[in-house]
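The following paragraphs lead the reader through one structure, from a turn to the overall fold and then to the ligand. Please keep the sequence and the model at hand.

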Amino acid sequence: MTDALVIREAVKADAPDLKRLGDALLTETAYFHRLPQERAATAADMAAVIEAMAAAPRSAYLTAWRDGAAIGEAVLLAGQLQRLRHSGTVGVGVLARCARQGVGRRLMRAIEARARDAGIDRLELTVLVDNAPALGLYKSLGYAVEGRKSGSVLIDGALKDEFVMAKCLALSELAQNGESG
Ligand SMILES: CC(C)(COP(=O)(O)OP(=O)(O)OC[C@H]1O[C@@H](n2cnc3c(N)ncnc32)[C@H](O)[C@@H]1OP(=O)(O)O)[C@@H](O)C(=O)NCCC(=O)NCCS
């Protein structure tokens, strides 16, 4: 029988699994800013990243597991300055072999719940304009395109544009309540 999907915060003991997950994610897609060699080089480095994320106030490093294997992750980086406390930056990745099974949406919903608990209302991200799966995911969750960064990423010698997207949790809840009430 296949285990259910588990979404939970990363812990230090996950380091070897999350190192492998990161290597796979960064190798199979060019949609991230980071190159494979720019993520943790060893499991010990990965453990340090997990500890740093756990120590970052109101931030979260969530992971998705199926059959004991790490298959996806999502990050919430909370604004640390007083004037940015209500904002957070988010990111997500799911292994290609597990795509289109609702894992990305579950991770992003869990990140939203963590943001609400931390008093964060505005979630922001950037996404390459040709990243159709991620654009589809973010739009389906209510993120809106707020702008376009021209030539903001250099991939294989070519400059690529990104959309700036954001979602205000309170506004989207108001809209949902409005629809249902
Ligand atoms: C983007 C990504 C996280 C989506 O994860 P996922 O688990 O496949 O997404 P889900 O199955 O939860 O899909 C949720 C919704 O996203 C949209 N979506 C997902 N894949 C899509 C695709 N290939 N094309 C269009 N829309 C897509 C759909 O609206 C989908 O809802 P539906 O299946 O009910 O139609 C995943 O493709 C990924 O990790 N890509 C590589 C890394 C990346 O680009 N990260 C984002 C960087 S900004």
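D156 lies in the loop between β6 (144–155) and β7 (158–168); helices (H or I, at least four residues) and strands (E, at least two) are DSSP runs, numbered from the N terminus. The model is a predicted one, in which local features need pLDDT of at least 70, side-chain atom pairs count only at pLDDT 80 or more, and totals for chains, interfaces and linings use all residues. Residues are numbered from 1 along each chain as its sequence is written.

Although D156 is not a glycine, its phi is positive, at about 50°. D156 counts as exposed, because it has 6 C-beta neighbours inside 10 Å. Here a residue is buried if 20 or more other C-beta atoms lie within 10 Å of its own, exposed if 12 or fewer, and partly exposed in between, with C-beta atoms placed from the backbone.

β6 and β7 run antiparallel and are joined by eight bridges; strands are said to pair if DSSP finds at least two bridges between them. Within this pairing, L154 stands opposite L159 in β7. Of the 12 residues of β6, the number buried is zero, so β6 lies largely in the open.

D67 is found in the loop between β2 (60–66) and β3 (69–78), and its phi is near 50°, a positive value in a residue other than glycine. D67 is exposed, since 11 other C-beta atoms lie within 10 Å.

Of the 181 residues, 27% count as buried.

Finally, 21 residues surround the ligand, and the closest are Y31, G104, R105, G136 and L137. The elements that give two or more residues to this shell are β4 (87–94), α3 (103–117), β5 (122–128) and α4 (132–140). With six residues, α4 gives the most to the shell.

How values were computed:
A residue is near a molecule or strand if its C-beta atom, placed from the backbone, lies within 6 Å of it.
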